[in-house]
Amino acid sequence: MSEQHDVPFADLTTLRVGGPIDRLLTATLQRELVDLVREADASGGRWMVLGGGSNLLVGDEGFHGTVIRIATKGIEVLPGVQPGSVHLRVQAGEVWDELVAFTVERGFSGLEALSGIPGSVGAAPVQNIGAYGQELSDALVAIEVLDEGADRPRRMSADELELGYRTSVLKEGLAGVVVSIEVALHDTTAEREVLGQALGTPVAYAQLAGALGVQLGDRVPIADVREAVLALRSGKGMVLDPDDPDSVSAGSFFTNPIVSEHVARTLPGDAPRWYVEPEEPDEVVPLAELEAQSPLDAFLAHQAEVEAAEAHAHADPSEPLVKLSAAWLIEQSGIRRGFALPGSRAAISSKHTLALTNRGGASAEELAQLARFVQGRVQAEFGIVLHPEPVLVGVEL
């Protein structure tokens, strides 16, 4: 465990913005993490936890309190419950992409399409990260979580987390710190003896299938899937790269809005849309160059319908829900890649309109101003409110 003072959040987040932290504590062991969280909770002072800092926008004034940085390490391979399966118990401080690389190298399939996503393992279930036809919810078995005021972590099943599109009960208000996660993957050892190679899960996203030169539902070597996903993400500036200014971001800054079919029909016919079927995979009409998202669980779908109804009084809640492309809405509202407000050091990525980037020395307020401008343009043009995906601390949109 280490202790530092006045460390700027700008040094700890992928957006490279944010003021100083009064007190920064770094936990490298699980018992240290549990003890630090318990002490901070009991102190009654202001505190928060920090993982990889890839989904966080912190204000320029910084954080007046204690930040506990989770840097715990460890990947434990456990026997699977079913033949051909394997379970991994992973400490929250592991780097997510390093975990994916670990599974690919060992021929464990189920996470390969989640390659290149920045951040830590502990943050993954909070957001239910997903891309290119896979979501963490497809593999997650359980987490260990330290509840607010608890003495020790408890096991919480994936079902209890109510995982949905970029959400979970952890994001919706359950106070707790993820200590570790457990995932169930397919062990391709037996297949490799017959086929000579480790195949991934069936390709479930058209853009990925195109990049691989295969059909949807085909299985290809896990390593090939990882390589293709990394290339696709790099092309959008979505892989951390010190030589790519577009990667100085928090990834996709806005979630794809969910509206009623009535609202979706008010958009031009070429607007990308996904019909949300709670019990079945999404239907894509037409295909957009966006990362895949899975259907919402019932709770988030209901919440989104309520928000849509408030913005559109004539929406019929009995109508199907439709997921729209935030990137398309942004572009059609007149905002192009590379756009920046006059004199601002924050800009839309030159590769992808969903990413807000720090072009060098930007303040948190400059990024917030740009986000508010984007929200305002989309709302004025389409009557739809875009919601931010990153966690905001000391910043309001």
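R166 is buried in this predicted model, at 6% relative accessibility; the cut-off for that word is under 20% relative accessible area. R166 sits in the loop between β13 (154-157) and β14 (176-187). Its backbone also deserves attention: phi of R166 is near 55 degrees, a positive value in a residue other than glycine. As background, most residues other than glycine have a negative phi.

Where does N128 lie? Its place is in the loop between α3 (124-127) and β10 (130-131). Is N128 buried or exposed? N128 is buried, because its relative accessible area is 0%, and the limit for buried is under 20%.

Helix α1 covers residues 30-43, which makes 14 residues. From its first C-alpha to its last, α1 reaches 20 Å, close to the 20 Å expected at 1.5 Å a residue. Which residues of α1 are buried? They are E32, L33, V34, L36, V37 and A40. To read that list, recall that an α-helix has 3.6 residues a turn, so residues three or four places apart point the same way. In α1, L33, L36, V37 and A40 are among the buried residues. The elements that cover the buried residues of α1 include the strands β3 (20-27), β4 (47-50), β6 (63-70), β12 (140-147) and β14. After α1 comes G44, with a positive phi near 80 degrees.

Helix α2, residues 96-105, is mostly covered, as eight of its 10 residues are buried. These are W96, D97, L99, V100, A101, F102, T103 and V104. What do they pack against? Their partners are the strands β7 (75-79), β8 (85-91), β9 (108-109) and β14, together with the helices α3 and α6 (222-235). Just after α2, G107 takes a positive phi of about 75 degrees.

Finally, I come to the space inside the protein. How many cavities of 30 Å³ or more does a search of the whole structure find? The search finds one. The volume of the largest cavity is about 60 Å³. Its lining consists of E112, A113, Y132, G133, Q134, T201, P202, V203, A204, L208 and V225.

Definitions and conventions:
Residues numbered from 1 in each chain as written. Predicted model: local features only at pLDDT ≥ 70, side-chain atom pairs only at ≥ 80, totals over all residues. Heavy atoms only, no water. 1 Å grid on protein atoms, 1.4 Å probe; cavity = no way out; pocket = protein on both sides within 12 Å on 5 of 7 lines; lining within 4 Å. Points joined across faces, edges and corners; volume = space filled by probe spheres on them. Helix = DSSP H or I, 4+ residues; strand = E, 2+ residues; numbered from the N terminus. Buried < 20%, exposed > 50% of the residue type's maximum accessible area, 1.4 Å probe, protein only. Expected span 1.5 Å × (residues − 1). Contact = heavy atoms within 4.5 Å.
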